[in-house]
Structure formats: structure tokens, C-alpha cells
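Dear colleague,

Please find below the structure that I am handing over to you, together with its sequence.

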Amino acid sequence: MKPAFAALLLVCLILCSSMFEISALGVGAGSFCSAKCGQRCSKAGRRDRCLNFCGICCNKCKCVPSGTYGNKHECPCYRDMRNSKGTPKCP
């Protein structure tokens, strides 16, 4: 009975630690995008809209061009995303 309990406890510990790592990675990606998009949208006239679309693009592409405008050559995925009308999706 004791070896089975020890094995179950070990399995639970391994599962809990892997879930912790996954959640920690998610938090890091979100804060990266928040910081980069905050900088990218700092001069936008419609800041809330800019932050929303920048966040969508950043989460998919894992990068945001530097500066508040242009420099999209730094992130081809970000540059090439289009909306349903065929215009650039990412600010």
C-alpha cells in the first residue's frame, strides 16, 4: 500500500510542476506583448484599438516592431497579417 501511495504522490508532484511551468510561460508572453504594444501604441490616436490589434498580432507572431510607426521589416509575420478587407491588421 505504501509504494502505491508514494508512486501516486510522485505522479501528482510531476503533473503539478509541469502545469506551473506552462502557466508561468503564459504570463511571460502576455507581459512581453503588453510592454511592447504599450510602447508601439504610445502615440496612437485610438490607443485602445491599437493595443487590441497589436496584442492579437504579438500573440500570434511573438514580436512587435520597434518604435511607434513603421519598422515592420523587423517582424515579417507582423507586417504580413491582413484583415478581411486586405489591409494591414497590425498597427
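A nonpolar core is a set of buried Ala, Val, Leu, Ile, Met, Phe, Trp, Tyr and Cys residues joined through side-chain atoms within 4.5 Å. Buried means under 20% relative accessible area, exposed means over 50%, and partly exposed lies in between (1.4 Å probe, protein chains only).

Please note that this is a predicted model, in which local features need pLDDT of at least 70 and side-chain atom pairs count only at pLDDT 80 or more, while totals for chains, interfaces and linings use all residues. Residues are numbered from 1 along each chain as its sequence is written, and side-chain values use heavy atoms, with hydrogens and water left out.

The core

The largest nonpolar core comprises 13 residues, and Cys54, Val64 and Tyr78 have the most contacts inside it. At least two residues of this core come from each of helix H1 (2-40) and helix H2 (47-61). With 5 residues, H2 gives the most to this core. Helices here are DSSP runs (H or I, at least four residues), numbered from the N terminus.

Which residues does Tyr78 touch, not counting those up to four places away in sequence? They are Arg40, Cys54, Cys57, Cys61, Cys63, Val64, Pro65, Lys72, Cys90 and Pro91. A contact means heavy atoms within 4.5 Å.

The disulfides

A disulfide is a pair of cysteine sulfur atoms within 2.5 Å. How many disulfides does this rule give? The count comes to 6. With bonded cysteines counted along the chain, their pattern is 1-7, 2-5, 3-4, 6-12, 8-11, 9-10. Three of these links are described below.

Cys33 is joined to Cys58, with an S to S distance of 2.1 Å. This pair links distant parts of the chain, since Cys33 is in helix H1 and Cys58 is in helix H2, 25 residues apart. The link of Cys33 and Cys58 is left-handed, with -80 degrees about the S-S bond. Cys33 counts as buried because its relative accessibility is 6%, and Cys58 counts as buried because its relative accessibility is 0%.

Cys41 is joined to Cys50, with an S to S distance of 2.0 Å. This link is left-handed, with -75 degrees about the S-S bond. Both Cys41 and Cys50 are buried.

Cys61 and Cys77 also form a disulfide, with their sulfur atoms 2.1 Å apart. This pair too links distant parts of the chain: Cys61 belongs to helix H2 and Cys77 to helix H3 (residues 76-80), 16 residues apart. The link of Cys61 and Cys77 is left-handed, with -70 degrees about the S-S bond. Is each of its cysteines buried or partly exposed? Cys61 counts as buried because its relative accessibility is 12%, whereas Cys77 counts as partly exposed because its value is 34%.

Arg40

Arg40 is found in helix H1. Arg40 is buried yet has no salt bridge, and the nearest side chain of opposite charge, Glu74, is 6.5 Å away. A salt bridge is a side-chain nitrogen of Lys or Arg within 4 Å of a carboxyl oxygen of Asp or Glu. As to charge, Lys and Arg count as positive and Asp and Glu as negative, while His and the chain ends are not counted.

What does the side chain of Arg40 reach at 3.2 Å? It is the backbone oxygen of Pro91. Leaving aside neighbours within four places in sequence, Arg40 is in contact with several residues, among them Cys54, Val64, Tyr78 and Pro91.

Two residues in the loop between H2 and H3

Lys62 lies in the loop between H2 and H3. Although Lys62 is not a glycine, its phi is positive, at about 65 degrees. Lys62 is exposed because its relative accessible area is 55%.

Asn71 is found in the loop between H2 and H3 as well. Asn71 is not a glycine either, yet it has a positive phi of about 60 degrees. Asn71 is partly exposed because its relative accessible area is 31%. Leaving aside neighbours within four places in sequence, Asn71 is in contact with Pro65 and Ser66.

Yours sincerely

Conventions:
A polar contact is a pair of N or O atoms within 3.5 Å; within protein, one must be able to donate a hydrogen and the other to accept it, and residues adjacent in sequence count only if both atoms are side-chain atoms.
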